Amino acid sequence: MLFDKSFKKEKIKFDNSEINFLHGGKGEALLLIHGFPQTHTMWHKVAKELAKKYYIVCPDLRGYGDSFKPIGLKDHSNYSKKVMAKDMINVMDYLGLKKFYVAGHDRGARVAHRICLDYEEKILKACFMDIAPTYHMFENTNQAFATGYYHWFFLIQPDYLPEKMIGDDPAYYLKEKLKRWSDKDIAFEEKFDDKAINEYIRCYDEASIHGSCEDYRAAASIDMIDDEKTRNRKLNTPLLVLWGEKGFVNKTYDVIKIWQDYANNVQGKTLPCGHFLPEEKPNEVIDELKIFFN
């Protein structure tokens with residue numbers, strides 16, 4: 001069992017959506033949002049310990065895990081970060097959690113960024129893990145970005161091209177991503193639990209492959225339009241940025257400097273790992289979140 005028995009699993013319907021989530025613990029609420037190509041399961045190494053101090057909520061984003069996986073609209077608007085952010089707010093409202101901390105990894109951090117923009121009054125503090133802002137990354141595209149993050153440009157291709165290609169061997173593609181983006185000096189089985197891998201593979205079905213592609217298509221289209229509208233408004237929410245020392249983000253961006261252009265109160269540091277901080281260095285993630293959210 002990856003999560004303690006004290007965590008309760010639920011699935012709720014609202015706004016033509018259905019979100020699967022796990023919740024449990026005690027104290028102030030902490031929303032944990034996963035990234036690609038994973039599910040809420042990615043928090044399994046940190047949730048139990050954090051639940052001693054916080055009320056933990058771990059949802060599956062739409063298009064991922066056991067949540068709603070709609071066919072993307074022509075403009076990809078049903079996978080926009082604004083819509084994904086609203087899903088998360090609906091979950092927290094359902095639980096009666098009006099103010100909360102939020103930590104997001106990868107795609108989840110991009111949703112968390114939009115939550116902080118659209119629902120600032122609800123957020124006590126935020127943590128974004130291993131990302132630079134989407135708008136900055138697309139506006140500063142170069143060969144290094146296109147090479148290191150080739151999937152940003154592969155997954156947005158139209159006519160179900162990436163869906164067809166990934167669908168030929170989803171388990172291989174998913175594992176390849178985990179291997180490619182994590183610390184290559186550490187054995188795969190030391191970084192990722194077999195049960196977690198099996199869960200990621202179970203959830204990476206045809207609908208989820210499409211949903212994740214739509215997530216990226218939205219990022220390259222409607223999200224850029226939404227980000228343009230709020231580009232000159234900095235976050236006032238206290239922000240912690242964590243990123244992997246051995247990952248692409250650290251090699252490519254001056255992370256703190258970039259985020260200071262998007263938020264007024266930023267602090268952060270690298271952790272000695274690759275992209276998947278909560279699984280590669282769970283104890284360090286726990287410590288950093290406790291210190292920052294205290």
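This is a predicted model: local features need pLDDT of at least 70, side-chain atom pairs count only at pLDDT 80 or more; totals for chains, interfaces and linings use all residues.
**Charges over rings**

I started with Lys125, whose charged end sits over the ring of Phe292, 5.0 Å from the ring centre. My rule for this: NZ of Lys or CZ of Arg has to be within 6 Å of the ring centre and within 35 degrees of the ring normal. Lys179 does it too, with its charged end over the ring of Phe188 at 5.5 Å from the centre.

Residues are numbered from 1 along each chain as its sequence is written, and side-chain values use heavy atoms, with hydrogens and water left out.

**Ring pairs**

How many aromatic pairs did the search of the whole structure find? It found 24. I count rings of Phe, Tyr and Trp (its six-membered ring) as a pair if their centres lie within 6.5 Å; planes under 30 degrees apart are stacked, over 60 edge-to-face, and the rest tilted. I looked up Tyr54 and Phe293, an edge-to-face pair with 6.2 Å centre to centre and 80° between the planes. Tyr54 is in strand 4 (residues 54–59) and Phe293 in helix 16 (residues 282–293), so I was looking at a link between distant parts of the chain, 239 residues apart. Tyr54 and Phe293 are both buried. Buried is under 20% relative accessible area, exposed is over 50%, and partly exposed is in between (1.4 Å probe, protein chains only).

**Salt bridges**

Next I went for salt bridges (a side-chain nitrogen of Lys or Arg within 4 Å of a carboxyl oxygen of Asp or Glu). The count comes to 24.

Lys122 and Asp93 make one of them, at 3.4 Å from N to O. Lys122 is in the loop between helix 3 (107–118) and strand 6 (123–129), and Asp93 is in helix 2 (residues 81–94), 29 residues apart. I checked burial here: Lys122 is buried at 13% relative accessible area, whereas Asp93 is partly exposed at 28%.

Arg114 bridges to Asp227, with the closest N and O atoms 3.0 Å apart. Arg114 lies in helix 3 and Asp227 in helix 12 (residues 222–230), so this pair ties together parts 113 residues apart in sequence. Arg114 is buried at 3%, and Asp227 is buried at 16%.

I also noted Glu176 with Lys177, closest N and O atoms 2.7 Å apart; both are buried. Then I found a network: Lys9, Asp66, Glu199 and Arg202 are joined by salt bridges that share partners.

**Helix 2**

I came back to helix 2, which has 14 residues. From first C-alpha to last it reaches 20 Å, close to the expected 20 Å (1.5 Å times one less than the number of residues). Among its buried residues I listed Lys81, Met84, Asp87 and Asn90. Just after the helix, Gly96 takes a positive phi of about 75°.

**Cysteines**

How many disulfides are there in the whole structure? I got zero, with a disulfide being a pair of cysteine sulfur atoms within 2.5 Å. The cysteine sulfur nearest to Cys58 is that of Cys127, 14 Å away. Cys58 is buried at 0% relative accessible area, and Cys213 is buried at 0%.

Key. Helices (H or I, at least four residues) and strands (E, at least two) are DSSP runs, numbered from the N terminus.
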